[in-house]
Structure formats: structure tokens, C-alpha cells
Amino acid sequence: MYLPDFEYYQPNSLAEACRLMAKFGPRARILAGGTDLLHKMKHGQLEPEVIVSLNGLERLREITYQKGVGVVIGARATHNDIAGSALLQEKYRSVCEAAHHMANNQIRNVGTLGGNIVNAVPSADLPPILIALGASVKLAGSQGRRVLPLEEFFTGVHSSVIEPDEILTEVIIPDQPSTGSTYIRFGLRRSGALAVVGAAVAVTMEGETCREARIALGAAAPVPMRARQAEAVLKNQVITPDLLEEAGVCAARECSPRSSIRGSEEYRRDLVRVLTRRALQKAIKEGHV
Amino acid sequence: MSQEYAVIGKSVPRKDGWDKVTGKAKYTGDLKFPNMLVGKILTSPHAHARILSIDTSEAEKLPGVKAVITHEDVPSLKYGISPARWDENIFCIDKVRFVGDKVAAVAALDEETVYKALKLIKVEYETLPAVFDPFEAMREDAPLVQEEYPRNINTEIHQNFGDVDKAMAEAYYVRTDRFKGQRTYQSPIEPHSAISIWDKDKLTIYSSTQSPHYFQYYIAREFGLPMGNVRVLKTHIGGGFGGKLEPTGLEFAGAVLSKLTGRPVRMFYDREDMFAHNRGRHAQFMELTTGVDKDGKILAVHANFVMDGGAYTSLGVASAYYAGALLTIPYEFDNYKFDMYRVNTNLPACGAQRGHGHPQPRFAFESHLDNIAKELGIDPVEIRLRNARKSNTTTPNEFKVETCALTEALEKARDLSGWREKKGKLPSGRGIGIGVGSFVSGAGYPIYRTDLPQASAVIKVNEDGSEATLYSGSVDIGQGSDTVLCQMAAEAMGYVYEKMRIVSADTELAPHDFGAYASRQTLMSGAAVKQAGEEIKTQLLAIAAPALGVRAEELDCREGIIFVKANPEINRTFGEAAREFFVKKGPLVGRGVYHVPKLGGKFKGAAVGTSPAYSFAAQVAEVEIDEETGEVKIAEVWDVHDCGKVINPALLHAQVHGAFYMGMGESVWEQVLFDAKGKIINANLAEYRLPTALDMPRLHSDLVDTVEPNGPWGVKEVGEGATTPVMGCISNAITDAIGVRIDSLPLSYEKVWRASKERKRNTSGE
Ligand SMILES: Cc1cc2nc3c(=O)[nH]c(=O)nc-3n(C[C@H](O)[C@H](O)[C@H](O)COP(=O)(O)OP(=O)(O)OC[C@H]3O[C@@H](n4cnc5c(N)ncnc54)[C@H](O)[C@@H]3O)c2cc1C
């Protein structure tokens with residue numbers, strides 16, 4: 001229940017942060033909101049010798065629109081920054097809603113987007129909606145920068161492609177044809193409960209016809225996953241209630257949830273069916289909500 | 001003076017309200033004493049294991065560590081809270097009996113060092129086969145948790161009143177249902193802590209306790225000290241709900257560490273320790289058989305229960321008796337049989353949790369009664385009205401109930417909730433249910449055998465009459481007893497609430513009282529306070545009379561003014577008369593004491609469940625179920641209470657809200673879970689899901705009036721009784737919504753999902 005001793009750095013430039021991470025390598029950890037890192041350290045699950053805080057890097061907190069690029073969210077934006085962003089409210093309210101309904105207010109005040117992604121747990125609430133919207137992440141390291149689709153970021157529970165010396169700096173939601181998106185999470189109480197299952201969708205509708213659908217599921221597999229077979233069910237089809245149910249059934253079939261104290265595999269699978277169908281319905285009818 | 005009472009019956013602000021909301025209030029863990037050390041207990045990682053050796057040498061060498069103790073350094077006298085079964089040691093001697101059992105303790109300069117030192121204590125164990133299920137534990141070949149209880153049966157009860165077999169044989173319909181409760185934990189917001197100061201022959205302990213008296217008694221006994229040499233007191237308490245009624249290793253180990261080091265020692269539990277220490281709700285396995293006539297009138301009940309007690313007795317003997325004893329209170333029937341086995345397992349010990357032993361059986365009975373009503377085609381409210389207890393009746397197990405307005409409560413709850421318009425007419429996924437509850441207003445007998453009075457009180461008026469102090473051994477653990485008792489004192493004295501001070505829950509400064517449990521303080525402590533207040537008033541009127549030219553009997557005193565009853569214009573102030581009293585006669589002091597009259601029958605266990613008065617409640621809940629996901633939304637609740645005269649309406653309704661909140665958590669969300677080796681897997685507030693404010697429904701708390709002759713001004717209890725109807729009420733509402741009964745608690749989303757799915761499968765004939 002006590003933090004082990006560590007060295008603490010709070011660089012005020014990204015370059016300096018990268019340099020420190022390169023210097024200390026796997027002995028160091030990035031600190032953003034600390035809602036996950038400090039918890040693990042207090043419980044003896046992690047004992048980094050060095051902590052490099054991002055809290056001196058104010059620029060990493062910005063949420064902006066860059067023409068030709070899309071909406072750029074700094075990795076240090078907190079969940080409440082995201083939930084309250086006027087820009088996101090206007091363009092992708094679905095992302096605001098996802099941030100607003102996770103954790104509890106105290107955690108949303110300090111927990112960050114970067115931490116939510118790099119932490120790489122199946123139940124994280126922001127990756128599914130961002131993947132559905134085709135977002136990519138920018139990583140800065142001593143060797144330079146790289147941008148990759150968020151979908152390709154995760155490799156397993158608590159593991160991802162990020163190198164020990166890399167820092168996630170921003171998430172980019174590209175301009176897109178989609179006409180609606182949403183994320184529905186299912187938790188076991190109204191606040192402070194991790195998602196048992198989360199389903200995010202982005203749909204591109206043309207009248208009654210769905211040109212394209214992207215479905216991303218949380219807590220349904222070791223990593224946030226695309227439900228590609230369910231997507232295929234919808235592609236270029238005229239939407240009917242039966243078709244949406246079929247997509248749900250398909251998503252339930254292709255996901256691979258596990259049993260835990262929050263829910264059995266069987267329960268989770270059925271929730272995937274229901275949530276996928278409901279999310280599709282909502283995004284088709286209501287736009288980016 | 002139009003109103004009957006000047007001070008009681010009003011929602012005056014709490015005595016501790018300001019300090020609590022501003023953060024100024026200090027809890028035990030916040031207190032600091034010069035040279036104080038910090039201490040913590042090392043617990044067992046195994047559910048059942050023999051201790052082969054303990055090596056504390058590395059821990060002792062750690063800089064900052066001042067003492068490390070094991071069973072060799074403490075008395076080996078067994079303690080407990082139920083005198084029939086003292087079975088705990090300060091530290092385990094030969095073996096550990098659950099994950100979390102106490103093995104050693106450390107005192108050091110700071111918390112960080114304490115945690116480090118605990119890791120350096122080397123304990124060698126030989127693990128033993130463990131048993132986690134009470135039914136397995138009762139088998140002949142099961143490992144014994146405690147050698148002295150064959151087949152691990154810690155408490156066995158067989159009671160039989162009237163002629164159950166005959167009544168069942170004559171019944172129109174006999175039904176048996178089986179239900180299962182779960183382990184829950186009180187989860188008070190304030191973790192337990194205790195500061196022990198052993199100075200020469202005097203031991204002082206600040207503790208987050210519900211009963212300084214029991215702590216004083218048991219601590220003195222353990223260390224062979226006269227009770228007067230042990231002082232137990234408290235500051236503010238952040239909730240107890242039954243979990244802080246018995247002394248813990250924090251008091252015992254802290255005392256020894258303080259004696260050894262000559263310094264104050266603050267011992268504490270963190271959240272995980274609290275779950276392991278437990279003393280929360282027993283999981284009960286409940287089989288109920290009831291025979292009714294064709295109108296649904298109950299003729300006989302057989303309750304056949306087993307409860308998982310965990311490794312020690314704690315308050316479990318009483319819990320076991322309460323489980324069956326209180327089943328007879330709300331409904332009238334003559335024939336009753338109760339069988340119970342409380343069984344030891346290698347899990348944390350269970351004890352008293354709000355409603356003590358009764359809420360799960362009440363859940364079972366309310367569910368069972370709805371099943372019967374459904375079978376007979378009787379409306380659930382109607383079947384309850386037909387069986388509801390009346391005033392001045394006696395239960396088959398010989399509890400006398402003088403006031404009972406359950407019928408009025410049921411009718412009011414039915415009407416307020418719009419039951420008639422809703423029952424059977426709600427859209428799919430919505431349901432409405434009813435449950436009733438009741439509880440003792442203080443237990444008729446204390447926990448250990450003694451002829452001490454239940455409560456006593458002293459009031460001293462300040463020399464110039466500008467304020468008065470109430471000294472009471474009662475314990476405000478957040479429920480507001482300091483406030484309510486000051487109101488009662490002021491009313492009885494003819495004084496003003498705002499000028500009342502209180503010194504409570506301090507075995508040295510305040511007179512004896514057993515403390516905050518069994519919902520006893522408003523009635524019992526209140527009775528002593530009323531008497532003390534009246535003694536002040538009598539003395540004051542006598543001294544005030546000559547100056548007003550009348551006899552004392554012609555005077556009264558109200559809100560600080562002494563006046564001639566026939567002509568209130570003739571008056572003088574309380575303060576002035578009080579000053580005159582002090583000048584002429586010395587301190588103006590009033591004393592009060594409360595003994596319970598002898599209650600109950602002569603059979604074994606007859607004492608448990610006796611009380612001067614019983615509260616009653618009827619509760620209706622409306623729920624909305626998402627049948628596809630199983631999500632339960634408790635939409636709106638109507639609670640109607642018969643709790644006698646209300647002293648402070650705001651505090652009373654707060655109790656109803658809080659009790660509903662707890663009951664709702666136990667109904668749908670809460671359960672302590674273990675892995676295959678007996679270790680708790682959700683000993684934290686993330687995965688032990690107490691509901692949040694957002695889960696709370698709109699709750700209407702209403703009342704029916706009774707005036708209880710056995711309570712001061714007619715009071716009864718509300719604190720625990722208000723939890724008792726909740727689980728049954730929610731269970732019945734969920735059943736109404738989904739069309740099937742889930743027979744085990746909690747009625748979790750996943751269970752509701754599964755039940756809804758199965759019902760659909762059955763009705764669609766798949
Ligand atoms: C009570 C509680 C409730 C919670 N509820 C939810 C919930 O409902 N949904 C949910 O998704 N999560 C929840 N969480 C988990 C957590 O709060 C979130 O995942 C949060 O977004 C983590 O962000 P952080 O800034 O606090 O991360 P930190 O703890 O600071 O970091 C987490 C990990 O990511 C690394 N890291 C952080 N930022 C970067 C970066 N920019 N570049 C590289 N590495 C980085 C850190 O080194 C660390 O390993 C909850 C946590 C708590 C304590």
C-alpha cells in the first residue's frame with residue numbers, strides 16, 4: 001500500500017522526455033494521470049526505478065482540428081477534457097460520451113487518453129470508439145516518430161507495439177465519410193464500474209443503405225477487436241431490424257471474451273450481440289452520438 | 001403553546017454536522033499523540049495451516065521498527081464477543097484458520113516502515129486441508145476448523161412452538177421453497193483503527209467502536225485489569241453497521257505494543273484488512289415450509305436454515321438465533337418450528353450486519369409468501385394484510401408486541417405507490433413488489449450475562465445556566481444519536497437544544513451504556529436521558545417556585561422559560577433559576593437509568609429477539625429490467641414505517657434512505673467472492689460493488705403514527721429495521737417484472753439475464 005522509492009523527472013519538452021526514456025529504457029515508466037500506474041505500484045505489481053512525468057508538457061493536452069489531418073487529441077487530455085471539448089462535441093460527440101461514461105468523476109479529472117490506450121486492458125473505454133472512427137496514434141521516440149492505426153497498436157493484455165523509449169503523443173481521428181458513430185458500454189453499476197462489454201460502431205449510410213460499418217468491441221477479446229464478419233453482414237445492405245440482429249449475432253460469434261468475476265463468457269457474448277445491435281441502431285438513426 | 005413538544009419532533013441540525021461537512025471532524029485514525037508509533041497486523045496467507053515457526057529477527061533489525069510481537073508476547077486467553085463461544089486468540093498459536101487470520105504485529109515509526117517490516121517476518125506454515133462450504137464442513141470426514149466443534153457445527157438450534165405437524169396436515173396448501181443468501185460486508189467508509197496508550201497501570205484506547213463498554217469489558221478481561229483501569233473512548237465514527245461491535249486485534253495487539261514500547265500506538269486496517277476481518281453478513285441457506293388456509297392465512301411455518309459462519313464465532317450465536325426468532329414478528333401465526341446449524345468454515349468470521357441475521361430470512365420469507373399468494377391467486381398486498389400482526393399480541397416464541405401499525409403501513413404503501421393501478425398492468429420489463437420488515441428496538445438482554453442497567457445518563461447544568469451537558473455512554477456512529485439524545489434531554493428539562501452539549505461514548509467521563517447495536521439507543525439510552533432531564537426539571541421548578549409565589553406543581557418549564565401553567569405571563573428563565581440552584585445547593589445534576597423489564601419465555605434461546613418494542617415497515621418498489629442485458633434499475637420506492645414517535649424527522653428519513661441503500665446493494669450488487677483457496681478476490685471498492693448515488697432511486701419515506709408505551713415519548717427503532725424489507729421487496733418486484741423467481745442473492749444482472757432468457761426459452765417452447 002506504499003509507493004516504492006523511485007527517481008522522478010518532470011521534463012518540460014517532449015525531446016527531453018524522449019531522451020530520458022531512451023536513457024533509462026525499461027527501468028522507467030511514463031506517468032500521466034497515474035490512475036493506473038500508481039495503483040499498480042502501490043500493490044507491488046510494478047516497481048519502476050524511474051518515473052518520467054508528462055505533466056510538464058501542456059501542449060500534449062490540446063484538442064485541435066488540423067485541416068487535412070483531422071481531429072488531433074493530445075495524449076495527456078483527460079477524460080473530462082475530452083468529454084467537455086467543444087470541438088469533439090460538435091464533430092464526434094460519441095467520443096465525448098464514451099469519455100463521460102467511464103470510471104467516475106475523480107478519475108475522469110486526472111486519467112488521460114494516453115494512459116487509457118498504453119495501459120492496454122481489454123475493458124478500456126476509449127479504444128473501441130476511436131478504432132471504429134479509424135483513429136491512428138502518433139508515437140515519439142529517440143529514433144523519431146511513427147504513426148500507426150490504433151487498431152494495430154495492441155498485441156495482448158497489457159502489451160502493445162510501443163517501445164520502452166516511446167511516448168504516445170497524440171491520437172488522430174481522420175476526416176471521414178461515416179455518418180454516425182456511437183459507443184455503448186455495459187457496466188455493473190452506474191458509476192465506477194469497468195465495462196463488462198463495450199461496443200463501438202461507425203456507419204456510413206446512404207439513405208437506407210449501409211455503405212460501410214466499422215464495429216469495434218471492448219472486453220470481448222484480449223485486445224479491442226474489430227468485428228469484421230458483422231461488418232460484412234451490413235456492407236452495402238439495406239438496413240432492417242433483422243439485419244442488425246444478424247450483425248449482432250455475428251459479432252457475438254466472432255468475439256472471444258473470457259469469464260471473470262464481472263461476467264461469464266456466455267453472458268459477455270450475449271451482451272456483445274445486444275450492444276452491437278443497439279449501437280448500430282443508434283448510430284444509424286442519430287448520427288455521431 | 002400550541003404544540004405538544006418544543007424540541008423533539010423537529011429536524012434540528014446535527015451536533016456534528018458542521019464539523020463533518022467541513023472536514024474538521026477528526027476520526028481515530030486522524031489523531032496524533034506525541035511519540036506515537038504506528039502498528040499493523042501480519043495475517044495468514046493460507047486458509048488453514050499449522051504454524052511451524054515464526055522468525056521476527058529480520059523485521060526487528062529494520063531501522064524504525066520498535067517492536068514485533070507474536071502469540072508468545074500476548075495473553076493466550078481466548079476472547080470473543082459471544083460468551084458461549086470465546087474462540088479467538090490475539091494471535092494464532094498453533095494454526096491459522098482463514099486467509100487473514102492474525103499471526104503477528106509490528107510497531108514502527110511510520111506506516112511505510114510497518115509495511116516493510118511485515119514483509120520481513122518469516123512464518124513457516126504446513127498447509128492443511130481447508131473447507132469452504134458449510135454443507136461439506138458438516139460431513140464426518142471434513143477438516144475441523146475448531147477442534148471443539150464436532151462436524152464444525154458451531155451453533156445448533158431446534159425450536160418448536162405450537163403443533164407444526166398438525167397445522168401443516170390440516171392446511172389447505174403447503175409449500176416449500178429454498179433460498180440462498182450471500183456473504184456481504186458492512187463496508188463502513190471509515191476503516192477500523194485504534195490508538196492504545198498503556199501508561200503505568202492505566203490503559204487508554206481510542207477506537208472506532210460501536211460500544212466502548214464491551215471493548216472495556218473484554219479488554220480488561222484479556223489483560224486481567226480492573227475495568228476502571230481501562231478507558232475506551234472514541235472520536236467521530238464513520239459508520240459501523242455491526243462490524244465494529246467487538247474488539248479486534250487492533251485493540252489487543254496495540255495495547256501490548258504500547259506496553260512494550262512505552263509509547264502510544266496507532267493500529268489500523270486498510271480496506272483489504274477490513275474485508276478479511278469481516279464480521280459481515282452470514283450467507284444463509286434457507287428452506288421455508290408454510291401451510292396456509294384457502295384464504296392465505298398462515299397456519300404454520302417451518303424454517304430450516306444453515307449458515308456459513310466462517311472461522312470464528314464472533315456474534316454468530318446471536319445471528320443464528322435472530323435468523324429464526326424474528327421471522328415470527330410481522331405476521332401472526334401460532335405454530336412455528338426453527339432449525340438452524342451455524343457452521344464453521346475456513347473463511348473470514350461472520351457476525352452482525354444491520355438487521356442482524358434477519359434480512360436474508362426476511363428476503364426468503366417475503367419471496368416465499370409471494371409464491372404462495374401467486375399459487376392461491378391472492379394479491380401480494382392482500383395476503384400480507386390478512387396476516388399482518390396487530391397491537392397487543394404475542395408471537396409463538398413469546399415476544400410481546402404492544403404497538404404494531406403494520407396494517408396501516410401496508411395500506412399506505414399500497415395507496416402511495418399506486419399499487420392497484422400498477423400491479424399486473426405494467427408494461428413488459430417493469431415490475432412492482434412489496435416486502436415488509438420489522439426489528440427489535442434494542443435487545444432485551446445484553447451480550448454477556450450481567451445485571452447492569454441497559455443505559456444510564458447524567459445531565460449537568462452549567463453554573464450560570466447558560467448551557468447544559470449530557471453525559472451518556474451511548475455511541476454516535478453517524479446515525480445521529482448525539483443529536484437525538486440532546487433533543488430528548490432538552491425536551492425533558494424544558495431547555496433549548498442549541499444550548500445542549502454532549503459527552504458520549506467515553507467509559508471514563510460518561511456513565512454506562514451498552515452502545516450502538518440492536519437499534520437500542522433512541523429507546524433505551526433515550527429513556528435514561530429522559531429521566532435525567534426530568535430530574536433536572538423537578539429540582540429546578542422547586543427552587544424557582546418561591547420567587548414566583550406558587551407551588552412547584554403549578555409550574556412548568558419549556559424552551560428555557562419557567563412559567564406558571566395557569567398564567568404563563570408569570571415566568572422566569574431557566575438560566576436564572578439554575579444559577580440560584582447552584583448558589584444555594586451546588587451542582588444541578590440529573591440522573592437517569594434504564595432497565596428493561598424481564599422479557600421473553602423460558603425455552604433455550606428465548607432471550608434473542610426480545611425487546612421492549614418492535615418497529616414495522618411496508619415497502620413497495622418499482623423496477624425496470626432490461627431483459628436483454630439483465631440490467632436492473634430500481635425506479636421508485638415507497639417506504640412506510642411504524643417507528644413510534646419521531647424525535648428528528650430528518651435523521652429518521654436519512655436512516656430509511658441509508659438502510660434502503662444498503663439493502664438494495666445486498667439485493668442486486670454486493671457479494672464477497674473467494675478464490676478456490678479461500679482468498680477474497682474482491683476486497684476493494686472497485687469489485688465489491690456498493691451501489692453509487694447514481695444507482696439510488698427516488699425514495700419516498702413515509703410514516704404511520706404509533707405511540708409505544710414502552711419507549712420514552714413513544715419511540716421505537718428505525719436504523720436496522722429499515723434494511724429488513726428491502727431484499728424481499730426488490731426480489732418480488734424483479735420477479736413481477738421478469739416472470740420468474742431467482743432464489744439466490746444477489747439478484748445480479750447476470751442472474752436476471754439468465755432467468756429472463758430461460759423463461760423466454762420455456763414460453764416459446766423451444
Ligand atoms: C477507480 C477507477 C476506475 C476506472 N474506471 C475505468 C473505466 O471505467 N474505463 C476505463 O477505460 N478505465 C478505467 N480506469 C483505468 C484508468 O483510470 C484509465 O485507463 C486511465 O485512462 C489511465 O490514464 P492515466 O493517465 O491515469 O494513466 P497512468 O496511470 O498515468 O498510466 C497508465 C500506463 O500507461 C503509460 N502511459 C501513460 N501515458 C502514456 C503516454 N502518453 N505514452 C506512453 N505511455 C504512457 C504509463 O507508463 C502506464 O504504464 C479506472 C481506474 C480507476 C482507478
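Reader: Which polar side-chain atom lies 2.7 Å from a nitrogen atom of the ligand, and in which residue?

Author: This is a predicted model, in which local features need pLDDT of at least 70, side-chain atom pairs count only at pLDDT 80 or more, and totals for chains, interfaces and linings use all residues. Residues are numbered from 1 along each chain as its sequence is written, chains are lettered from A and ligands numbered from 1 in written order, and side-chain values use heavy atoms, without hydrogens and water. A polar contact is a pair of N or O atoms within 3.5 Å; within protein, one must be able to donate a hydrogen and the other to accept it, and residues adjacent in sequence count only if both atoms are side-chain atoms. The polar side-chain atom at 2.7 Å from the ligand nitrogen belongs to A:Asp125.

Reader: How much of the ligand does the protein bury?

Author: Accessible areas come from the Shrake-Rupley method with a 1.4 Å probe; for residues, only the protein chains shown count as cover. Taken alone, the ligand exposes 980 Å², and the share buried by the protein is 89%.

Reader: An oxygen atom of the ligand is 2.5 Å from an N or O atom in the side chain of which residue?

Author: A residue is near a molecule or strand if one of its heavy atoms lies within 4 Å of it. Of the 29 residues around the ligand, those that come nearest include A:Thr35 and A:Leu37. For A:Leu37, a polar backbone atom is 2.6 Å from a ligand oxygen. The side chain at 2.5 Å is that of A:Thr35.

Reader: Which element gives the largest share of the shell around the ligand?

Author: Helices (H or I, at least four residues) and strands (E, at least two) are DSSP runs, numbered from the N terminus. In chain A, β2 (28-31), α7 (113-118) and β10 (167-173) each supply at least two residues of the shell. The largest share, four residues, comes from α7(A).

Reader: Which side chain does a polar contact of 2.7 Å join to that of B:His158?

Author: Contact means heavy atoms within 4.5 Å. Leaving aside neighbours within four places in sequence, B:His158 is in contact with B:Phe338, B:Asp339 and B:Tyr341. A polar contact of 2.8 Å joins its side chain to that of B:Glu156. The partner at 2.7 Å is B:Asp339.
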